[in-house]
Amino acid sequence: MQDGYKTLEREASDSFIIKKSRFTGYGSPARSEQEALDFLARIRAETKDANHHCYAYIIGRNAGIMRYSDDGEPGGTAGLPIIETMKARGVVDCAVVVTRWFGGILLGAGGLTRAYVQGAKCALDAARVVTMEDSVRFWAEVPYSLWDRLDYALGGMPVCREGAEFSAQVTATLVVRKRDKDDVFARITAATEGRAEMMELEELVKGWE
């Protein structure tokens, strides 16, 4: 598996208004150019009343495919600022669409550029930039008498909690970066005085902030 690349965790959006024009930035993971185009088509269909749907997408771990469009805005004021904002954040395999509902007041080239940069930033922040890394899902099982101690210790470890099952014992399902696994396992062992049982369930690539 190849890891360590930045992308978006989920599809999300955020909006703002500048001089009566409303802008909404939409961000989404896109593992292929077709996924990016499908995302753009869906946003266009859902916001038919918008005046512009400016977009950019970067596909491939090496950013091999990069496309952008001003969609009727003055050249260089929309698509390019969006993709430059994405490149500055280092993201790949994702798409950003910034829609604009014109409010009747011209913003000028500089104002438009700043607005589309802000729209791209809103989209990236809403969709959350994460770093994809090789990870391991595992469970840690302890007696009830040790759960509070383990629960507290986990709060200081680089793990993602997915849930806990309370039956004969307490079984917590956790995800850890592969590079942190040995250290986390050792810390769990120390926190539970060697009484925790741990089992690896599967390897995966997960996004970490």
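Residues are numbered from 1 along each chain as its sequence is written, and side-chain values use heavy atoms, with hydrogens and water left out. In this predicted model, local features need pLDDT of at least 70 and side-chain atom pairs count only at pLDDT 80 or more, while totals for chains, interfaces and linings use all residues. Helices (H or I, at least four residues) and strands (E, at least two) are DSSP runs, numbered from the N terminus.

Helix α2 spans residues 79-89, and helix α3 spans residues 108-127. Two packed helices are described by the angle between their axes and the distance between the axes. For α2 and α3, the angle is about 45 degrees and the axes are 8 Å apart. Axes are lines fitted to C-alpha atoms, for helices over the stretch in contact, and angles run from 0 to 180 degrees between N-to-C directions. The angle makes α2 oblique to α3. Angles under 35 degrees count as roughly parallel, over 145 as roughly antiparallel, 65 to 115 as roughly perpendicular and the rest as oblique. The crossing of α2 and α3 is right-handed. A crossing is right-handed if the near helix is turned clockwise from the far one by less than a right angle, and left-handed if anticlockwise.

Contact means heavy atoms within 4.5 Å. On the α2 side, the contact is made by Pro81, Ile82, Thr85, Met86 and Arg89. On the α3 side, Thr113, Tyr116, Val117, Ala120, Lys121, Leu124 and Asp125 take part. These residues divide into seven nonpolar, two polar and three charged. Here Ala, Val, Leu, Ile, Met, Phe, Trp, Tyr, Cys and Pro count as nonpolar, Asp, Glu, Lys and Arg as charged, and the others, Gly among them, as polar.

Burial is judged by relative accessible area: buried means under 20%, exposed over 50%, and partly exposed in between (1.4 Å probe, protein chains only). In α2, the buried residues are Gly79, Pro81, Ile82, Ile83, Thr85 and Met86. Their cover includes β4, β5, β6 and α3. Gly90 follows α2 and has a positive phi, near 75 degrees.

Helix α4 covers residues 144-154, and its residues Leu146, Trp147, Leu150, Ala153 and Leu154 are buried. They cover an arc of only 135 degrees around the axis, so they lie on the same side of α4. The arc is that of the directions from the helix axis to the C-beta atoms. Ser145, Asp148 and Tyr152 are exposed on the other side of α4. The cover of the buried residues of α4 includes β7 (129-142), β8 (159-166), β9 and α5 (181-191).

In α5, Lys181, Val184, Phe185, Ile188 and Ala191 are buried. Their arc around the axis is only 130 degrees, which puts them on the same side of α5. Asp182 and Ala190 are exposed on the other side of α5. The buried residues of α5 pack against β7, α4, β8, β9 and β10 (197-208). Just after α5, Glu193 has a positive phi of about 55 degrees.

Most residues other than glycine have a negative phi. Two loop residues have positive values. Ala63 has a phi near 55 degrees. Ala63 sits in the loop between β4 (52-59) and β5 (65-69). Its relative accessibility is 24%, so Ala63 counts as partly exposed. Asp93 has a phi near 50 degrees. Asp93 lies in the loop between α2 and β6 (94-101). At 7% relative accessibility, Asp93 counts as buried.

Arg177 belongs to strand β9 (residues 170-177). Its relative accessibility is 12%, so Arg177 counts as buried. Leaving aside neighbours within four places in sequence, Arg177 is in contact with Glu133, Asp134, Ser135, Pro158, Trp208 and Glu209.

Gly163 lies in strand β8. With a relative accessible area of 37%, Gly163 is partly exposed. Gly163 touches Thr171, Ala172 and Thr173, not counting residues up to four places away in sequence. Gly163 and Asp49 are 114 residues apart along the chain, and their C-alpha atoms are separated by 43 Å.

Ala41 is in helix α1 (residues 33-46). Ala41 is partly exposed, with a relative accessible area of 44%. Ala41 and Ile18 are 23 residues apart in sequence and 25 Å apart in space, C-alpha to C-alpha.
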